[in-house]
Amino acid sequence: MWSFETATEQHRINGRKRYKSKGIEYLADNERFADLCNYVLFDGEQVITADALEERDTTEILSTLGIGEKEMKAQQKWRDLLKRAVIKYTGEMYVVLIGVENQTDIHYAMPIKNMLYDAMNYDSQVREVAVKHRAQSEYGSGAEFLSGFHKEDRLTPVITIQRFSQLSDGTRFGA
C-alpha cells in the first residue's frame, strides 16, 4: 500500500526537481504513472507506455477582469502532477494531458478544485492559440477575432485522476 502525504507544489534543489511529497515523487516515475493511468482509464489494459509520457509544468494561471474593476486579477494553482501522453488506441493516435491529484485527507470540494485546474489549463491553451493567430495576423471572422480562437482550432483534452489514499468517514465519491 502506498503511503501518501498531501502535496501541492514542487521545487528544485541543486537543479534537480524535488517533490513536496514522497507519494507524488513515487507517481512522478513514468512507469508508475503509466500503470496508474492504465488502471484507471483502461481497466488495466496496457495502453499508455512510460516512454509516451512527458512531464509538463504543473502551474495553472487564470487571469480575470473583475466586474466594475479596471485591473486584472490573476489566480495561480499548482497541480500535483501533469504529463502529456501520446496514446495509441483503437487504431488511432491521441494526445492528451493527464493530471494526477493525490489526496490523503477528505476534501469535499475536490471535484470543483479539479474542474478549476482543467478549466485553467483549457484557458491557457486558448490564450496560446490566440497569441499565435495575432502574431501571424490571422484574424478570421468576427467571432474568431473576438475570441482569438478559430473554428478549426483544437484543444488538447485534459484528464484529471484523483487518488485518495484513505477515506475515513465512509464517503463515496462518484456513482
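**Ground rules.** I'm working from a predicted model, where local features need pLDDT of at least 70, side-chain atom pairs count only at pLDDT 80 or more, and totals for chains, interfaces and linings use all residues. Numbering starts from 1 along each chain as its sequence is written, and side-chain values use heavy atoms, with hydrogens and water left out.

**Helix 2.** I began with helix 2, residues 30–41; helices (H or I, at least four residues) and strands (E, at least two) are DSSP runs, numbered from the N terminus. The end C-alpha atoms of helix 2 are 16 Å apart, which agrees with the 16 Å that its 12 residues should span at 1.5 Å a residue. The expected span is 1.5 Å times one less than the number of residues. I then listed the buried residues of helix 2: Phe33, Ala34, Leu36, Cys37 and Asn38. Buried means under 20% relative accessible area, exposed over 50%, and partly exposed in between (1.4 Å probe, protein chains only). Their cover includes helix 1, strand 3 (53–55), strand 6, strand 7 and strand 8 (158–164).

**The core.** Next I looked up the largest nonpolar core, which has 18 residues. Such a core is a set of buried Ala, Val, Leu, Ile, Met, Phe, Trp, Tyr and Cys residues joined through side-chain atoms within 4.5 Å. Phe33, Ile48, Leu81, Ile87, Ile98 and Val100 have the most contacts inside this core. Helix 1 (22–28), helix 2, strand 6 (81–89) and strand 7 (92–103) each supply at least two of its residues, and helix 2 gives the most, with 4. I checked Phe33 too: leaving out residues up to four places away in sequence, Phe33 touches Leu27, Leu53, Leu81, Lys83, Ile98 and Val100. Contact here means heavy atoms within 4.5 Å.

Leu41 counts as partly exposed because its relative accessibility is 31%. With Tyr39 and Val40, Leu41 makes a nonpolar surface patch of about 300 Å². Patches take residues with over 30% relative accessible area and no salt bridge, joining like charges within 9 Å and nonpolar side chains (Val, Leu, Ile, Met, Phe, Trp, Tyr) within 5 Å. A salt bridge is a side-chain nitrogen of Lys or Arg within 4 Å of a carboxyl oxygen of Asp or Glu.

**Helix 3.** I moved on to Gln125, which lies in helix 3 (residues 110–135). Gln125 is buried, as its relative accessible area is 14%. Beyond residues up to four places away in sequence, Gln125 touches Leu97, Leu155, Thr156 and Val158. Other buried residues of helix 3 include Met110, Tyr117 and His133. Just after helix 3, I found Ser137 with a positive phi of about 55°.

Technical notes. Accessible areas come from the Shrake-Rupley method with a 1.4 Å probe; for residues, only the protein chains shown count as cover.
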